[in-house]
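Here is a friendly walk through one structure, in questions and answers.

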Amino acid sequence: MLGPLTFAAPFALAALVALPALWFLLRVTPPRPRRIDFPPLRIAADLAPRRETPARTPPWLLILRMLAAAALILAVAGPVWNPAGIGAAGGRNPLILLIDNGFSAAHDWRERLRVAIDAVEGAARDGRPVAILSLADPAAAAEARNPAAALERLRAIAPRPHLADRAAHLPAIGSVLERMPGAGIVWISDGVAGTGEGRFAPDLEALATKHGVDLAILKTDQPTLIAITGSEGGGRLTARVLRAAPNGRDTGLVRALDQKGLPLAEHDFAFAPNATEAEIVFDLPVELRNAIARLEIANERSAGAVALMDERGKRRRVGLVFGGTADQAQPLLAPTYYLAKALTPFADVQEPRGAKGTAESIGQMLDSQVSVLVLADVGALDEQTLGRVSTFVDGGGLLLRFAGARLAAGNDPLVPVRLRRGGRTLGGTLSWDSPKTLAPFAPESPFAGLAPPADIGVRRQILAEPDGELPSRTWASLQDGTPIVTAEKRGQGLVVLFHVTADTTWSNLPLSGLFIDMLRRVVGLAGSSAAPVAEGGPRPAAAVLAPRLTLDGFGALGSPPASAKAVSADYGDRATGEHPPGFYGPPDGGIAVNALRPDDRLKALDLASLKNARLGSLAGAETLDLRAHLFTLALMLLVLDTLAGLWLGGFLSRSTGGLLGRVGNRPAALLLAGLALLALAAPLPARAEEPAANRPNGFESALVTRLAYVITGDAAVDEASRAGLSGLTQMLASRTALEPGEPAGLDPARDELSFYPLIYWPIAPGRPQPSEAAIRRIDAFMRNGGTVLFDTRDALTSRPGDGPTPEAAYLRKMLATLEVPELEPVPIDHVLTKAFYLVETFPGRYATGQTWVEALPPAADGGERRPARAGDGVSPIIITGNDLAAAWAVGRRGEALYPVTGGDQRQREMAFRGGVNIVMYTLTGNYKADQVHVPALLERLGQ
Amino acid sequence: MVATRVSGPSERAPGRRETERALSLAERMPRLVLEARRVSSTLAHGLHGRRRAGPGESFWQFRPFVTGEAAARIDWRRSARDDRLYVREREWEAAHNVWLWIDRSASMGFVSDLSETPKVERALVLGLALADTLVEGGERVGLLGLTRPNASRRIVEAMAQEIVGDEAGLAQDLPPRAALGRFDEAILVSDFLTPLREIEPALRTLAGHGTRGHCVLIADPVEETFPFAGQAVLQDPEAGISLDVGDAAAWGEAYRERIAAHRAGLLGLTRDLGWTLTLHRTDRPASEAALRLVTLVAARGAG
């Protein structure tokens, strides 16, 4: 052994002795002399050479060949640098490899895997069978296999997102040792105590001692793990960064991400030099905090470095019910309006839809699983509703009530305190008092810390009957001591009553910022486990939630593995193999399971007490097999030698039959060789088809309004469409306020259509029908307000009596699966004829064709005949046969490209006017139909 | 170190490049001079049509078929028009013909770094350009052993096609033995790298009837200078001879003497026959040799 260098077959080195012999052999066999083509030789062949110079191999070539030979001999000897160090000296005995693969090993997993592979490859060189046990996986019987199979198994092992339960594997290890006495054990440990820990290391040592086998433990000096736990309490989001032992990684960054993985907040953390725990607090607005789904340590790839946040700290669903009349003449003055405005920033506000009566509204709200039910001025409830609301409150719901005329009149058990009939009016015309303002909040009140502004005035309120329990139920009171907010805990829920209305009739409290803060505090108490008073949401206690998204060992969310099992809704433990960390249950209302419990702490394994185990380090044990490198070197030297021989023989010169010359004369071959090399060097990555919006077409079109035409594939038709729309674009820019961009050519199957208001579709009967996907996209385009202008261009060839022209047949076939509305020829009073110009027909290159649009609803009978009619929207389809684009088409110098047929001199002008009208119609819709009334309106105003 | 190469058979056939270069070279030739000379000789020899039927190329007349004639002589296209059979007769033409021979053997494919032009390419350009110039001047030009003399306007293309089709010519080192007319002229373009004892009978045969001729010796600069040194294996592309030379520089001295002697012998031979010898090196422009040859042919014609 030469230090860390060993040879697998040292006897091969003896061949080095033969190198000097090779030296002499090579010296006397020079490379071939230079070959010269020389035609005049025929008349000079009899000239005998007069002088000879002896040829010798050049020394540099000799050295090159000797080096190649030496490299070859060394390579055959099989040199290995750093042959697997620890645990390798076991002769031919089996090797048992234990690997920690909990999330605690994920941080430096690659190094661990490399060490493990080195160990297995070392065993392969010695011909030892290998048994591999990954300690975080479920315990299973281990079997010794041949090293190649073991290597495959090893590469399939990935870190698990939970802590290892190592003790479960002890029986398996024991049974392997029974079967294979004399095996060596190598444990690649992460140094972190797992679950149910404590005894594994001593037990393993005892096991090893009992069977008299060698135990080696490879680990880093200090466990490198950093983990995080997060908890929400007291209105703050707290994250705790943990480590098992001081390991030098003292600072870092914790990032808070929302459901979509966008970062919302970042916070530095720093461990005190010998601390294993650091606490950081995210001080965020509630609405931001509610959006946080995940806390993670930046750049730490481990399931332990991720803390998932669930719905338990999220936005509450609030249902609003107003006891007043449903038909509000002035909705902006209704109490629900104030409440909705105040609640929306931090809660999900729901209001009943279409419910008749208060009872039905309340039922609807309870059906939609709100966690806070707000009743604004609701009086007495019927028996059934009362029962439901009581159940809701007992089950953990929060009932928030506001006073009002109806509540004051009724008698209602769902209030925290007994109320007096009627109200109290302050500062009214019949009162001596001035409006009262709020007293500072008591420290035990949930509103503690809020400062009531001085200008709040309560003019009217409902009074509570004096009672022994009244002070304890009072959350806020007026300056004179009368309670203004009272609350009572009922069952698991809470009933809160504001003794004023939610609108401004009794007080100006709803206008103040304090109102929002108070509501925020109140709603924050609902359904939150951390709330001081209330407990739990309206969730059934024993619901079973299926895994939705789970973390892998590296902390990436993905679909759950097959082994993941559902958890009950009150699961509060850390993740296990059966319940990997992740989100369980539906997106709203599910729970999150984390790799660590909020109160978990990490401990380092105590390995120092083991006496019979050898401890090794993970670093520096890299094994390097030098064979491949030496073979490569020898091969390259031989290639060099061949090239040198060719060069000396005159084969490498250019232009005269040499290798380079020959290659140079075949550019195609050269190109092919180059391409082959390129293909080897840079395999092209398979590229997903780019999204439609990224095509240059789409990007431009998102910024400017453009006309568009469908590219049919018939070059002449496409060119006419492009030129025609260019002409129309110029005409629009010069005559109207619309200045469209250059017209766009579209492939309806691939391009994004939603940017275009109008798509011109000339029918080219010779082309294949558009694909089904394209038809569906056109259908969607038409449904969403776009207009397609089909032009069959057959007005000249179609005869009324004959069958359909090829173009018309093509169009019919294409439209067969489209949802086309009922069509009619453009009526004389259609808004299309008045959108910009007053036109009657829409001629193009031909004037005889009919133009069809969506049929208008019939004109109202008896009413005054309006000059223009329009439907509700824009006709999604216009069909013409007049070849409009050809009439519009202009060349680069503005000259018309196609002649028009027909007697009217102004036909081209009329074609442009019709085109302008169509574009204006698609852009403005039925606006012009209303515009035609303007003179009449002005006339009426003038009276 | 000078590199050398011998091009393969496919490269020794005239392609578009050669014909175009030949045409452009021919354009630059002073054809007016030649034409003037030629007019006088036309009178002397009766170059053009004899105004009666005989062997020729131009159409002369249709005459009725006479029983007993070979049926192959019937012009069926004309005869199909009516009931009688016709024979197409051509005008009897006898011209002062120029016979061209271009050596395309393997030794002609030789090229070295010093010239960049293979000898055969230069020979083809030169020969075809001469043919074009001569035809422009009213002369008839034929390929020795391949085509009859011809005054076609597209003589270059026609000859190039003939040459491409002539596989046997790729191995011929000497002009074919053909009997030429007394007033014909022969132009031989070759490197004449054959021993003199083989060249001599070939030339004498061609010149048998007093035919006059012009030899153009195309040479690569390397063949004159032999700029090699050191150990080398010399290889003859035609005869398959190879020679190991221990010290090429020393051998080169002897070689240069030998090639000078060979050329002197060739010059003597052509003088004996009353022919001319033009030496052309491929590193010189082709127009040099072309101009000299045109001048020589014209001078002979006048004389």
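Q: What share of the contacts in chain A with a separation of 6 or more comes from residues 24 or more positions apart?
A: In this predicted model, residues 24 or more positions apart account for 76% of those contacts in chain A. Chain A has 25 helices and 38 strands, and 39% of its 943 residues are buried.

Q: How do you know that the span of helix 19 of chain A agrees with its 21 residues?
A: The expected span is 1.5 Å times one less than the number of residues. For helix 19 (residues 715-735) of chain A that gives 30 Å, and the end C-alpha atoms are 30 Å apart, so the two agree.

Q: Which residues of helix 19 of chain A are buried, and what covers them?
A: Among the buried residues are Val717(A), Ala720(A), Leu725(A), Leu728(A) and Leu732(A). Their cover includes strand 32 (706-710), strand 33 (741-746), strand 34 (758-762), helix 22 (884-888) and helix 23 (907-924) of chain A.

Q: Why are the buried residues of helix 6 of chain A said to line one face?
A: The buried residues of helix 6 (residues 170-179) of chain A are Ile173(A), Val176(A) and Leu177(A). Seen down the helix axis, they fall within an arc of 100°, so they line one face of helix 6 of chain A. In general, an α-helix has 3.6 residues a turn, so residues three or four places apart point the same way.

Q: What lies on either side of helix 6 of chain A?
A: Its buried residues pack against strand 4 (95-99), strand 5 (130-134) and helix 7 (200-211) of chain A. The face turned away from the buried side carries the exposed residues Pro171(A), Ser175(A) and Glu178(A).

Q: What makes up the largest nonpolar core?
A: This core has 79 residues, and those with the most contacts inside it are Ile96(A), Leu97(A), Leu98(A), Ile185(A), Val186(A) and Ile228(A). Helix 4 (residues 109-126) of chain A gives the largest share, six residues. At least three residues come from each of domain 1 (95-223 + 604-622) and domain 2 (248-309 + 541-593) of chain A. A second, separate core of 71 residues includes Ala44(A), Ala106(B), Tyr255(B) and Ala298(B).

Q: Why are strand 26 and strand 29 of chain A called edge strands?
A: An open sheet of four strands in chain A runs in the order 26-25-28-29, with antiparallel pairing. Strand 26 (557-558) and strand 29 (591-593) of chain A each pair on one side only, as edge strands do.

Q: How do you know that strand 25 and strand 28 of chain A pair?
A: A pair needs at least two bridges. Strand 25 (residues 547-551) and strand 28 (residues 582-584) of chain A have three, in the antiparallel sense, so they count as paired.

Q: Why does Asp883(A) count as buried?
A: The cut-off is 20 or more other C-beta atoms within 10 Å. Asp883(A) has 28 such neighbours, so Asp883(A) is buried. Its place is in the loop between strand 38 (877-880) and helix 22 of chain A, and its phi, near 55°, is positive in a residue other than glycine.

Q: Why is Phe226(B) called buried?
A: Phe226(B) has 23 other C-beta atoms within 10 Å, so Phe226(B) is buried. Phe226(B) is found in the loop between helix 7 (221-225) and strand 10 (232-235) of chain B, with a positive phi near 45°.

Methods. Residues numbered from 1 in each chain as written. Chains lettered and ligands numbered in written order. Predicted model: local features only at pLDDT ≥ 70, side-chain atom pairs only at ≥ 80, totals over all residues. Helix = DSSP H or I, 4+ residues; strand = E, 2+ residues; numbered from the N terminus. Buried ≥ 20, exposed ≤ 12 C-beta atoms within 10 Å, placed from the backbone. Contact = placed C-beta atoms within 7 Å. Core = buried A, V, L, I, M, F, W, Y, C linked by C-beta atoms within 7 Å. Domains from an automatic or database assignment. Arc of directions from axis to C-beta.
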